[in-house]
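Biologist: Could you walk me through this one? I would like to learn how to read its features.

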Amino acid sequence: MKFQEITVCLDMHGCPNRCKHCWLSATPNGNMPFSEIESTAEQFRPFTDCLQIYDWYREPDFTEKYREHFEICSRLSDSPLDHFEVASFWRLARDGGYGKWLASLGLKKIQLTLFGDARTTDFYIGRKGAYQELLKAMDILMENKISPRIQVFVIRNNIDQLGHIENLIKELNLENRCRAYGGEFTFFLHQGSCDGENEKWYDAWVTPEDLGKIPPLLEAYTLRHFGAKNIADVFGRTEQSLYEELITDASTASYVSDTPVFYIDKDFNVYPNISTPAPHWLLGNLKQDGVRTVLENYVENKSAAQHTRMTVPLCELAKAQGDGTSRRLFGRGDYIELLLNRYCRQRNLY
Ligand code: SF4
């Protein structure tokens with residue numbers, strides 16, 4: 001059993017936030033020993049010639065030892081490890097050296113998430129003071145010539161807040177401030193995938209009728225970010241249209257890839273990076289089952305969700321879990337995963 005590339009992400013310390021849209025779910029924070037990075041890498045290494053290892057999959061650089069963690073992950077990875085264009089705004093607001101360190105890695109853009117004004121953003125991030133920290137984080141990033149890329153998750157409950165965000169972008173003069181050092185301010189909005197915590201907002205999911213509330217400036221930024229012609233392409237199709245397509249589709253599918261990404265939670269449970277790390281996606285426990293069993297379970301589609309997708313036709317998933325009258329908007333893949341997650345949970349498939 002050999003893969004072209006394996007990426008392993010350890011949830012070593014969790015996250016300071018509890019975002020109400022978090023597709024990774026709100027699970028307790030852990031405290032994995034530093035040594036687990038190396039021992040995990042060595043367990044997966046025989047199964048690929050290209051291993052990439054990260055010490056996080058929720059909040060990057062949440063640990064005090066973020067520099068050491070990044071160095072050891074880089075050393076243990078087979079190709080140069082890029083720091084993704086995401087960062088901890090929690091740390092940016094508290095750690096004077098963090099912005100400089102991000103800049104030293106060559107980062108030019110960092111993504112930050114807003115939901116609206118201070119009250120709304122604090123509510124959706126699940127932590128009082130988060131909005132003010134985000135504003136501070138933007139200043140620190142720009143001082144270090146890193147341009148903020150603002151992301152907004154939109155549901156019916158916060159769509160009226162977009163005017164506030166448009167004003168904020170103008171008041172903070174983000175375009176010109178980034179341009180002054182040769183950077184580029186970017187922005188996008190979308191509904192996100194309907195899994196993890198975000199699935200709880202299904203009832204408030206946006207419909208085509210809601211898209212008219214998006215301010216033109218934010219729409220223009222979003223189209224540029226996605227390279228899309230119109231905003232409907234960004235938000236996808238109505239559930240009704242997807243349902244009508246899937247209800248006649250008898251296909252099944254395998255999620256197995258030659259370049260898998262695995263998420264390992266604080267208790268060493270391993271999940272494929274396909275949807276939220278939920279019990280029906282569990283491949284096994286690294287400590288109890290060992291890496292070979294975990295990888296065999298992946299390749300043989302043995303997690304309950306993979307097995308269901310391999311054996312239950314789309315038309316059955318749609319019939320059991322879909323709503324043929326709903327105008328909620330989804331990407332096709334995200335909608336199939338919503339149906340699959342619901343199907344597994346309702347039947348207690350683990
Ligand atoms: S969305 Fe990101 S920052 Fe928010 S709770 Fe999830 S992992 Fe943490």
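Modeller: Gladly! Helices (H or I, at least four residues) and strands (E, at least two) are DSSP runs, numbered from the N terminus. Here, T311 belongs to helix α13 (residues 304-311). This is a predicted model: local features need pLDDT of at least 70, side-chain atom pairs count only at pLDDT 80 or more, and totals for chains, interfaces and linings use all residues. Residues are numbered from 1 along each chain as its sequence is written.

Biologist: Which residues surround the ligand?

Modeller: A residue is near a molecule if its C-beta atom, placed from the backbone, lies within 6 Å of it. The ligand is surrounded by C15, N17, R18, C19, C22, L24, R58 and E59. As for R58, its C-alpha atom is 31 Å from that of T311, 253 residues apart along the chain.

Biologist: And at what angle do α14 and α15 cross?

Modeller: Axes are lines fitted to C-alpha atoms, for helices over the stretch in contact, and angles run from 0 to 180 degrees between N-to-C directions. The axes of α14 (residues 314-321) and α15 (residues 332-346) cross at roughly 70° and come within 9 Å. Therefore α14 is roughly perpendicular to α15, a term for angles of 65 to 115 degrees.

Terms used. Parallel < 35°, antiparallel > 145°, perpendicular 65-115°, else oblique.
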